[in-house]
Amino acid sequence: MTAPIHHTSRARHSAGQAAGEPARNSSRRPERTGKRSLLQQVWRQLPFFVWLIALWMLLWGQFTFVAFVTGLIAAVAVTRVFRLPPVELSGRVNLWYGLVFVVTFFGALVRGSLLVAWQVLDVRRQPGASIIAVHLRTDDDLIMAHTAVTTSLIPGSLIIEADRDRRILYLHVIGATTAEEVEAQRRAILGWEARIVRAVGSRAQLEVIRTATVDTPRQGGAPV
């Protein structure tokens, strides 16, 4: 009688081990999934984190190690200390078009500064100004904010209002008085939107830009 009882207890013990192994695997599975989701979240937030540091250095006008460290501290404070809603990025970063955006942006800074200085020094005529409305092609708050900040940092143009629902930016632009000049400024701002989408936009947003026949960095108008 003892042999069957002993055999039954061993079977129960083996069944318990078999039942316990999936439990341990299932406990490890959420742990691995949590680590993977954490890495994905960090990767999605990394471009925004780097952008905050770059924006901090641009605001102070210093590209030094001290400015980088203070920008890093400010970025950590903004993203971790304050209870703000997370910024959902596309998860797509194109380094080549990111470099194109940086180079064209610095070129536009120099060009805009020289143009505004010439308009101030030219005593023959007073430069006019216009308020123009630009309807963006993409429906994304982050792309809209990047486009607004980019155009505001370039001398000669300033964002005065942003209509989020209709995706319209209203700008005050110096030196745009005729219909041709206003249209050129509007194409230039749409060009900045296209450059930003090519650098960090989603594939759906990139398809929208391509459908609008903005395929190269030079299309969409010259820099403001």
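The legends below describe close-up views of a predicted model.

**View 1. Confidence along the protein chain.**
The protein chain has a mean pLDDT of 77, and 71% of its residues reach 70 or more. Confidence is highest in strand β3, at 91, and lowest in helix α1 (residues 2–60), where the mean is 60.

**View 2. The open sheet of 3 strands.**
The strands lie in the order β1-β3-β2, and their pairing is antiparallel. β1 (129–135) and β2 (157–163) are the edge strands, each pairing on one side only. From one strand to the next, the twist averages 20°.

**View 3. The pairing of β1 with β3, and the helix across them.**
Strand β3 covers residues 168–174 and pairs with β1 in the antiparallel sense over 7 bridges. Ile168 in β3 is the bridge partner of His135. Helix α5 lies across β1 and β3 and runs at about 45° to β1.

**View 4. Helix α3 against helix α5.**
Two packed helices are described by the angle between their axes and the distance between the axes. Here α3 (residues 95–121) and α5 (residues 179–200) have axes that come within 8 Å and cross at roughly 150°. Because of this angle, α3 is roughly antiparallel to α5. The crossing of α3 past α5 is left-handed. From α3, the residues Tyr97, Gly98, Phe101, Thr104, Phe105 and Ala108 take part in the contact, and they meet Trp192, Arg195, Ile196, Arg198 and Ala199 of α5. Sorted by class, this contact has 7 nonpolar, 2 polar and 2 charged residues.

**View 5. Helix α4 against helix α5.**
Helix α4 (residues 141–153) packs with α5 at an angle of about 130°, and the two axes are 9 Å apart. This angle is why α4 counts as oblique to α5. α4 passes α5 in a right-handed crossing. On the α4 side are Ile143, His146, Thr147, Thr150 and Thr151, and on the α5 side they meet Ile189, Trp192, Glu193, Ile196, Val197 and Val200. By class, the contact of α4 with α5 has 6 nonpolar, 4 polar and 1 charged residues.

Notes
Residues numbered from 1 in each chain as written. Predicted model: local features only at pLDDT ≥ 70, side-chain atom pairs only at ≥ 80, totals over all residues. Heavy atoms only, no water. Axes fitted to C-alpha atoms, helices over the stretch in contact; angles between N-to-C directions. Helix = DSSP H or I, 4+ residues; strand = E, 2+ residues; numbered from the N terminus. Parallel < 35°, antiparallel > 145°, perpendicular 65-115°, else oblique. Left-handed = near helix turned anticlockwise from the far one by under 90°. Contact = heavy atoms within 4.5 Å. Nonpolar A, V, L, I, M, F, W, Y, C, P; charged D, E, K, R; others polar. Pairing = 2+ DSSP bridges. pLDDT = per-residue confidence, 0-100.
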